[in-house]
Amino acid sequence: SDHVAGWRAEWLQNPSQVIWLKYEELVQNPHREIRRLADFLQIRCSDEVIAKVVENSSFPKMKQQAENSSFFRSGTVGDSARHFSLGLEAEFDAALREQMRGVADPYEK
């Protein structure tokens with residue numbers, strides 16, 4: 001999409017100005033990812049503040065606070081498999097890989 005392409009272009013020109021977050025990582029380790037985001041933004045905060053951010057930005061809490069909760073599905077990692085065929089998911093993954101070409105994955109070691 002143009003949205004991803006625009007952020008990719010910005011990252012390629014100014015990598016210190018863009019942080020890549022993955023939903024899967026936010027779900028798996030929300031404290032680490034919120035801390036990583038705070039560090040990126042150069043915001044110093046206590047573990048208690050990080051815990052409060054994690055609590056108040058959880059999927060159930062955000063869905064509860066949303067004016068239109070139909071925007072939210074299940075919040076489950078991998079739930080797309082219930083909605084997309086294997087072929088469509090492979091097509092999506094290939095398109096995303098192409099759009100993100102040249103962008104370092106912060107999770108690859």
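Which helix does Glu 25 lie in? Glu 25 belongs to helix α2, which spans residues 23-28. This is a predicted model, where local features need pLDDT of at least 70 and side-chain atom pairs count only at pLDDT 80 or more, while totals for chains, interfaces and linings use all residues. Residues are numbered from 1 along each chain as its sequence is written, and side-chain values use heavy atoms, with hydrogens and water left out.

**Overall make-up**
- The protein has six helices and zero strands (DSSP runs numbered from the N terminus: H or I of at least four residues for helices, E of at least two for strands).
- Along the sequence, the pattern reads α-α-α-α-α-α.
- Of its 109 residues, 16% count as buried (under 20% relative accessible area; exposed is over 50%, partly exposed in between, with a 1.4 Å probe and protein chains only).
- Taking contacts (heavy atoms within 4.5 Å) between residues at least 6 apart in sequence, 42% join residues at least 24 apart.

- With a relative accessible area of 15%, Glu 25 is buried.
- Its side chain makes a polar contact with the side chain of Arg 32 at 2.6 Å (a pair of N or O atoms within 3.5 Å; within protein, one must be able to donate a hydrogen and the other to accept it, and residues adjacent in sequence count only if both atoms are side-chain atoms).

**The buried side of α3**
- Helix α3 covers residues 30-40, and its buried residues are Glu 33, Ile 34 and Ala 38.
- They cover an arc of only 140° around the axis, so they sit on the same side of α3 (the arc is that of the directions from the helix axis to the C-beta atoms).
- These buried residues of α3 pack against α2 and α4 (47-56).

**How α3 meets α4**
- The two helices pack at an angle of about 110°, with their axes 9 Å apart (axes are lines fitted to C-alpha atoms, for helices over the stretch in contact, and angles run from 0 to 180 degrees between N-to-C directions).
- That makes α3 roughly perpendicular to α4 (65 to 115 degrees; under 35 is roughly parallel, over 145 roughly antiparallel, and the rest oblique).
- Pro 30, His 31, Ile 34, Arg 35 and Ala 38 of α3 meet Asp 47, Ile 50, Ala 51, Val 53 and Val 54 of α4.

- Gln 42 is found in the loop between α3 and α4, and it is exposed, with a relative accessible area of 72%.
- Although not a glycine, Gln 42 has a positive phi of about 60°.
- Most residues other than glycine have a negative phi.
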